[in-house]
Amino acid sequence: MKTLCLTALLGFALQTGVAQAQERFSPFVPSDQENVERMLKLAQLRDDAVVVDLGSGDGRIVLTAARMNKKLRGWGVDIDEKLVKESNATARARGVADRVQFFHRNAFDADLREATVIAMWLWPEMQLLLRPLILAQARPGTRIITNLWDLGSWRPDEEDLEPQRVVMWIVPARVAGNWSWELPLAGRRVAYAAIKEQHFQVVEGVVRAGNRRELLQDVKLRGEDISFTLMMTLEDVGFVRHAFRGKVRGDAIVGTASVSLPPHEKTIELPWRATRKESSAYFEPTGTNVQ
């Protein structure tokens, strides 16, 4: 968006004031083409991408995506029927109507379950109102791209600040809750009971094995990919270094654990499968006989 357009848009916002939630709307101001391409580059378009634009306006985001990748599909929704008709006409004229469509529809009624990239450039309040819909419907790993505005306390995963800010978020898998797993170490099976707390892609956690408890360190969550480390002394084993990495599959995490046992001369790779539980052994009594 050119500076003049941005100034006019902000002026309009000041004139109209803050409306009630269901009365909000975002007037159509075309996104600057350069910024559109920068947003789509952040999203790393793949051949199997499904690009969805909430508030598609003249359709340029989805149409540009179709030009940048000749195999992806896309669609947009807008409450302005005239813009929807014009966008579909442009898709036909460019020969991409078999891959690109636009619908006269409220953004809150969009079905986002198949989307891999979600674009929107609406009032920041509107984007916040759409955030629960996105988190409820979109699959982990879905890219969300926008121009200028934020998504409240959800921190971007990536952003490009020059010449104008474009931003990307990645829908995180849901990992909050109680998790348990076992690993075969030093001739015995060690049971772990972990608790993870989550704020979007930011995750903290604690774990118990036997009567010992420790913190999960360096937890990273990007879409469905999760990794963390654990340094912990285990009964009858000693001080063990763990590095876990895997993919979240609903109520399971499947991956590998890299483990270094005393005297730490080598690292072994073990299959790792954690499952989410309703309760956790983390809370069971510990007693005073702890080494």
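Tutor: This is a predicted model, and the mean pLDDT of the protein chain is 91, with 90% of its residues at 70 or more. The exception to keep in mind is the stretch of residues 1-23, where the pLDDT is below 50. Beyond near neighbours in sequence, that stretch has 25 contacts in the model.

The protein chain holds five helices and 16 strands. Its C-alpha trace spans about 75 × 40 × 35 Å along the principal axes. The radius of gyration is 24 Å, whereas a compact globule of 291 residues would have one near 19 Å. Of the 291 residues, 44% are buried. Among contacts with a separation of 6 or more, 55% join residues 24 or more positions apart.

Helix H3 covers residues 60-68, and its buried residues are Ile61, Val62, Leu63, Thr64, Ala65 and Ala66. The cover over these buried residues includes helix H2 (33-42) and helix H4 (81-93), along with strands S1 (50-54), S2 (73-78), S3 (100-104) and S4 (117-120).

Now the loops. Most residues other than glycine have a negative phi, and most peptide bonds are trans.

Glu162 and Pro163 are joined by a cis peptide bond with an omega of about 0°. Pro163 sits in the loop between strand S6 (158-160) and strand S7 (166-170). A cis bond also runs from Pro262 to Pro263, where omega is near 5°. The loop that holds Pro263 lies between strand S15 (252-260) and strand S16 (268-277).

Ala186 is not a glycine, yet its phi is about 50°. Its loop connects strand S8 (177-185) and strand S9 (188-199). Ala186 has a relative accessibility of 53%, so it counts as exposed. Asp236, also not a glycine, has a phi of about 65°, and it is placed in the loop between strand S13 (225-234) and strand S14 (238-249). With a relative accessible area of 67%, Asp236 is exposed.

The chain carries 39 positive and 37 negative side chains, with the centres of the two sets 4 Å apart.

Methods. Residues numbered from 1 in each chain as written. Predicted model: local features only at pLDDT ≥ 70, side-chain atom pairs only at ≥ 80, totals over all residues. Heavy atoms only, no water. pLDDT = per-residue confidence, 0-100. Contact = heavy atoms within 4.5 Å. Helix = DSSP H or I, 4+ residues; strand = E, 2+ residues; numbered from the N terminus. Rg over C-alpha atoms; globule rule 2.2 N^0.38 Å. Buried < 20%, exposed > 50% of the residue type's maximum accessible area, 1.4 Å probe, protein only. Lys, Arg positive; Asp, Glu negative; His and termini not counted. Charge placed at Lys NZ, Arg CZ, Asp CG, Glu CD.
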